[in-house]
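Reader: Please take a close look at one part of this model. I want the symmetry of the copies, then the sheet and its helices.

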Protein chains: 2
Amino acid sequence: MKRSIRSTLRAAVGLVLTVAAGFAFAQDLIVKTEVFTLPSYTTVGAQTIKGVRVGYQTAGQLNAARDNAILVCHFFSGTSHAFGKYSAEDKAAGYWDAIIGPGKAIDTNKYFVISSDTLVNLNTRLPNVVTTGPATVNPDTGKPWGMSFPVVGIRDFVNVQKALLDQLGIKKLHAVAGASMGALQSVEWTAAYPDVVDRFIAVIGPGVETDAYSVGMLDLWAMPIRLDPKWNKGDYYGKDEPLDGLAEALKAVTFAAVSPGWGDKRFGRKWAKEGEDPGKAYGNLYAVESALNAAGAARAKTSDANHFLYLTKANQLFAVDPQRIRAKALFVPVASDLLFPPVLSRRAADTLRKQGNAVDYFEIPTDGGHIDGVTQIGLAAKPIADFLAR
Amino acid sequence: MKRSIRSTLRAAVGLVLTVAAGFAFAQDLIVKTEVFTLPSYTTVGAQTIKGVRVGYQTAGQLNAARDNAILVCHFFSGTSHAFGKYSAEDKAAGYWDAIIGPGKAIDTNKYFVISSDTLVNLNTRLPNVVTTGPATVNPDTGKPWGMSFPVVGIRDFVNVQKALLDQLGIKKLHAVAGASMGALQSVEWTAAYPDVVDRFIAVIGPGVETDAYSVGMLDLWAMPIRLDPKWNKGDYYGKDEPLDGLAEALKAVTFAAVSPGWGDKRFGRKWAKEGEDPGKAYGNLYAVESALNAAGAARAKTSDANHFLYLTKANQLFAVDPQRIRAKALFVPVASDLLFPPVLSRRAADTLRKQGNAVDYFEIPTDGGHIDGVTQIGLAAKPIADFLAR
């Protein structure tokens, strides 16, 4: 009797613990940054980078057929931290945690999900980011590369990820997905390795190339860095860094990702400080201005100015031949996106449909602008889950 | 017989000459800049500016009732040169010459048309521009005002124009019209002086106020100037001027006025220089980048950096109470405008209609962006002529 009660109790407690653990797991997928090292990488531009290192995180299990992997690529100012928390105490989870995890749209119970830092990742000062770029020491000189780092494009980001997947033994991608610059990588992946990629999900992307208008905008983002005398043509490591220019560049990026709806809801015509009428002195600001200033300054603290310049260049270089794309496609623009408005996704969807690709399209109907492709991605959970199941 | 032949000939020649003159007049309306002087002007912010001078040009004749005047207000980087040529040899006529002149939509055979430079006009180095702002010598100190010039808003621009109209003996405006910042002035005029303005035409305007998003964008336009160490907090007169920052600011303005359609048609993914692949070196540019750089640099040569900062501030300060508006309204947005998209005009039109105003609306259907409200204004000639006749 005692044994039976005990074993029943134990079984019940076990069940509760299992359920609780399942719950805890669903809420707090714990991830850690691994480091992938490539002794030497030759860029599309035929330059060599020795000792390439990029960080990545994974969740789920690779199946025996090694064909259940989904690669998630990050946006311009993003990192490999797409899902989960580094520790249960973290306040924020990864940027797409709403759709990645056990039982979520990108279900880590089914799929092995990988997300890596790109080459020239912006956030060189974030503790969990591992990247290689101008701020990295060139082993041949013992000094940071600075602007002597080879120009790299989205295709180079993809090639390094391909080497990582090779090392992990992944031969097929069930899907590659990403927001904004992550969409560029997803499309580039699909065109570069048509035999590897079965599906791609391009969220808030520009379609199959960066158009002239966006090339111009990327140049304007980079401009404040070049204008800051502390940039010193990229030679600032160990010296006074161009933080003012970098903060303004990141302010421009922040601004490009929002919308009039965002401005109306959060700020309207509110002043930055009570009693400091913007009509009374040039330096008196509106609330939206001081918020954008604060965002730029905060983001500059974890970023590197040269990496920013290399990232804008990589985005400008993006252009793939749609005829190389064979994978199933899902486009997810945001209705109010002013950076990559829905028309660009629709145009790419039409091009692919005409050549016979299977194409899904879902528009996030919010008014917050480009950034809603990250913060409101949960609204696209069902179309994404359905697409992955097709 | 001889006399009769002669007189017939003379009459015929006279007719030909009259027609030719009419033709020449229609093609080459010759205008000149007059100067309006106001001994002292007190700003909305209760500051005093002594010796205000602004340039203006006119065409047509004020009628006996003094009620056939139309005031045309210029855009951010514009001047009083809205119509005609300064001399028959000029290659380019004023920016809205397609709709202003004898027999045109704003018919100078019917209307007395005035266009004035604003306070803090950007183009301090253009020979025909007369303005008062930070680059002007403060009579009290004998030195340029610099950043000690009082903050001025669109309402101040309007108040100075009102003083000009008073001097010209104009008590009624048949209409006030303008593109972009000219639309801001037109709306401000209508709200400030509802008894004076019968009609307003707001082309590519933001409606009745500058929203938070646009406030943020204006700050980004001004940013490169503040970042240029030569700006020196506005104290650069007689020294090395902040031309790099000013050029970048004007590049940002140029960019804000165009569109993806503009980029596709003119540049696509063309390189700036043959043989200089943008993928090969950071400094190798796309054609769109070098074109924007050239535009910014060219415009910087005729502009003043502090005036630019004061202009952005004036635009940020714009907000009128639509309930003060009684005039008939015509809104003319451009379909592809990303700076002040049509939704803003439609919103303002709805607000005014709901309160009982007579509102016309015409959308210029082109894909070139904001600037088409200037360059393609001829497409709105009929809606404008019809509106003025109502």
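Author: Copies are superposed by least squares on the C-alpha atoms of residues with pLDDT of at least 70 in both. On that basis, chain A can be laid on chain B with an RMSD of 0.0 Å, by a turn of 180° and a shift of 0.0 Å along the axis. The two copies are thus related as by a two-fold rotation axis. In chain A, the C-alpha nearest the axis belongs to P224(A), 3.2 Å from it. The same surface serves both copies: 100% of the contact residues of chain A recur in chain B. Contact means that C-beta atoms, placed from the backbone, lie within 7 Å.

The model is predicted: local features need pLDDT of at least 70, side-chain atom pairs count only at pLDDT 80 or more, and totals for chains, interfaces and linings use all residues. Residues are numbered from 1 along each chain as its sequence is written, while chains are lettered from A and ligands numbered from 1 in the order in which they are written.

Now the sheet. In chain A, eight strands form an open sheet, ordered β1-β2-β6-β3-β9-β10-β11-β12, with mixed pairing. Strands (E, at least two residues) and helices (H or I, at least four) are DSSP runs, numbered from the N terminus. Pairing takes at least two DSSP bridges between two strands. The edge strands of chain A are β1 (34-42) and β12 (359-361).

Inside the sheet, β3 (residues 69-73) and β6 (residues 112-116) of chain A run parallel, joined by five bridges. There A69(A) stands opposite F112(A).

Helix α2 (residues 154-168) of chain A lies across β1, β2 (48-59), β3 and β6 of chain A.

Note on methods
Two residues are in contact if their C-beta atoms, placed from the backbone, lie within 7 Å. Axes are lines fitted to C-alpha atoms, for helices over the stretch in contact, and angles run from 0 to 180 degrees between N-to-C directions.
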